[in-house]
Amino acid sequence: MEAKTPYDEGCYPDQGDKKAAAVNVDEPTMADWSEVEERAVKRKLDFILLPVLGFAFFALQMDRGNISNALTSTITQDLGVDTNQINVGNSLLSAGIVLLEIPSNILLQRIGPRIWLSGQIVAWGLVATFQNFITNYGGYLATRILLGLCEAGFIPGALFTITTFYKESESSLRFSIFFLGNLLASATTSLIGAGILSMGDRYGVPGWRWLFIIEGAITIGGGIIFALFIPPSPRNGFPLISFGRWSYFDKRETYILVRRVILNDPTKITNHLHISGQDVWTTVKNPRILVHVVITITSVIPANAINTYGPSVIKSIGYDTVRANVMASVGAFISVVAVVILGWICNISGKRGPVLLFVSFWNLIAYTCLREAWKWSPGRKYAAVVFSIAMNSIVSILNIGWLSANCQRPQQRSIAMAMIIMGANVAGIAASQIFRTQDAPLYLNAFTACIVLSAVVVAEVIAQSTWYLISNRKSETNGDGPLVEGQSDGTPDGQRTKLMKKWRWTW
């Protein structure tokens with residue numbers, strides 16, 4: 001019989017209730033692999049996991065945000081609705097997401113990301129396609145809330161999945177890459193929308209109906225691709241398309257993937273989590289987590305408002321429908337580059353607060369310029385719109401990485417991811433009421449609200465950074481900082497170890 005290597009599945013013997021040895025993983029000598037091996041495995045993982053998750057996020061944002069393109073077509077006339085009624089539909093979409101965000105994330109832990117997330121993608125793709133058949137206001141509202149219910153939990157579920165594969169020091173950049181799907185959708189859906197809408201009423205079907213048909217079909221295809229290619233977990237590299245015959249990772253690579261994450265954060269486990277009601281309640285009332293949620297709410301409200309009505313604002317300057325949608329994509333393309341650079345800075349510096357503060361000040365200045373742009377020439381007005389779109393989504397993206405780095409248990413991290421995305425969707429409900437019909441065409445009240453909220457974000461980021469920094473200094477002074485611990489599956493020689501690490505807040 002062939003002897004098992006230390007990397008074979010099941011090679012770690014079950015030692016029952018035998019007490020595990022406590023090991024402090026603050027020491028760098030625990031890894032039994034080279035940096036070259038780890039970099040190679042990490043690079044391989046990046047090319048396997050992130051494109052699949054990013055494409056799924058692209059599809060989600062495309063189906064959620066294409067209403068802004070439809071608004072430049074004839075949807076309001078065909079359905080007999082006005083801007084305020086469209087806003088109600090957007091609010092219902094966000095409400096549907098908020099309603100099922102935490103339950104969806106709990107189900108993810110029981111069922112697994114491959115089955116649950118791929119099922120969600122196909123479900124909302126079908127709803128997005130069926131929007132083509134709506135003929136009145138009631139149908140519009142029904143499809144928007146169904147879209148929200150089907151999308152609920154996908155973003156926090158995907159974010160949590162990323163944290164099971166990566167160390168905390170690597171997560172900010174990977175979150176930024178994941179959110180490229182969102183940002184690229186914001187940029188390219190304007191271009192895709194412009195192309196589809198240019199078809200006009202082909203075969204007697206209005207352009208906005210073609211928009212929903214084509215983009216919904218893309219999402220359904222994306223859901224099938226997701227199910228076929230996503231690796232289920234760090235321990236299981238067998239994609240569905242392999243039918244169990246091959247894995248993305250060999251035994252040595254799988255061992256490194258699992259072990260390096262646990263040594264970095266002993267609380268992380270790679271099997272399904274059990275999340276109790278007590279876990280939910282403890283996380284929901286955690287004041288540090290709540291501050292992160294508030295940062296997201298106050299930053300996303302102006303961002304969503306500007307992004308939704310950006311093409312319409314550009315069109316009001318004097319451009320036609322197709323050109324307005326194309327021009328609206330410029331700011332989103334800038335944000336694609338910016339989010340990767342800023343995520344990389346967060347990773348190499350180990351700091352989040354200073355980067356968020358820079359972006360928050362940028363947005364404050366941008367919204368101020370946008371409010372005053374009504375006095376300017378058309379070219380300068382357009383520049384103000386681009387300037388405001390370029391960074392407005394990045395605060396919430398980096399804030400998610402900041403929150404994840406400061407979660408002490410995997411249960412807390414899973415629930416906190418759901419909470420922060422719930423906050424983003426609560427913000428979406430409020431954002432849909434920022435641009436009001438009676439405030440047109442200058443929307444001075446809307447832009448003033450964006451300025452005030454951005455100033456609040458600046459204060460929140462300063463306060464949270466200071467809180468974390470002071471907490472770390474107190475722990476160092478008193479020598480009583482908390483320890484986090486978790487049970488590993490074992491070492492190559494078959495011994496079970498309880499891993500411990502001193503906790504430090506990331507500011």
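**Entry 1: overall make-up**

I counted 18 helices and three strands in the protein chain, taking helices (H or I, at least four residues) and strands (E, at least two) as DSSP runs numbered from the N terminus. I note that this is a predicted model, in which local features need pLDDT of at least 70 and side-chain atom pairs count only at pLDDT 80 or more, while totals for chains, interfaces and linings use all residues. Residues are numbered from 1 along each chain as its sequence is written, and side-chain values use heavy atoms, with hydrogens and water left out.

I then looked up burial, where buried means under 20% relative accessible area, exposed over 50%, and partly exposed in between (1.4 Å probe, protein chains only). Of the 507 residues in the protein chain, 57% are buried. With contact meaning heavy atoms within 4.5 Å, I found that 80% of the contacts between residues at least 6 apart in sequence join residues at least 24 apart.

**Entry 2: cavities**

I searched a 1 Å grid over the protein atoms alone, where a cavity is a set of points that a 1.4 Å probe fits but cannot leave, and where lining residues have an atom within 4 Å of a point. Grid points are joined across faces, edges and corners, and a volume is the space filled by probe spheres set on the points. The count came to five cavities of 30 Å³ or more.

The largest cavity holds about 850 Å³, and of its 46 lining residues, Gln 61, Arg 64, Asn 182, Asn 304 and Asn 307 lie nearest the centre. Among the helices that each supply at least two residues of this lining are α1 (35-65), α8 (168-197) and α12 (287-317), and α12 gives the most, with ten residues. I sorted the lining by class, with Ala, Val, Leu, Ile, Met, Phe, Trp, Tyr, Cys and Pro as nonpolar, Asp, Glu, Lys and Arg as charged, and the others, Gly among them, as polar; the lining of the largest cavity then divides into 21 nonpolar, 23 polar and two charged residues.

The second largest cavity has a volume of about 50 Å³, and its lining includes Arg 288, Tyr 468 and Trp 505. By class, I found four nonpolar, four polar and one charged residues there.

**Entry 3: nonpolar cores**

I took a nonpolar core as a set of buried Ala, Val, Leu, Ile, Met, Phe, Trp, Tyr and Cys residues joined through side-chain atoms within 4.5 Å. The largest has 78 residues, and those with the most contacts inside it are Phe 154, Ile 155, Leu 159 and Phe 178. Helix α1 gives the most to this core, with ten residues. Apart from it lies another core of 46 residues, among them Trp 208 and Val 300.

Leaving aside neighbours within four places in sequence, I found Ile 155 in contact with Phe 57, Leu 60, Arg 64, Phe 178, Phe 179 and Ile 421.

I checked the span of α14 (residues 353-372), whose 20 residues at 1.5 Å a residue should span 28 Å, and the end C-alpha atoms are 29 Å apart, which agrees; the expected span is 1.5 Å times one less than the number of residues. Its buried residues include Val 359, Asn 363 and Tyr 367, and the buried residues of α14 pack against α12, α13, α15, α16 and α18.

Most residues other than glycine have a negative phi. Phe 243, not a glycine, has a positive phi of about 50 degrees; this residue sits in the loop between α9 and α10 and is exposed, at 65% relative accessible area.

Ile 470 lies in helix α18 and counts as partly exposed at 43% relative accessibility. I also noted that the C-alpha atoms of Ile 470 and Trp 507, 37 residues apart along the chain, are separated by 9.6 Å.

Note on methods: 1 Å grid on protein atoms, 1.4 Å probe; cavity = no way out; pocket = protein on both sides within 12 Å on 5 of 7 lines; lining within 4 Å.
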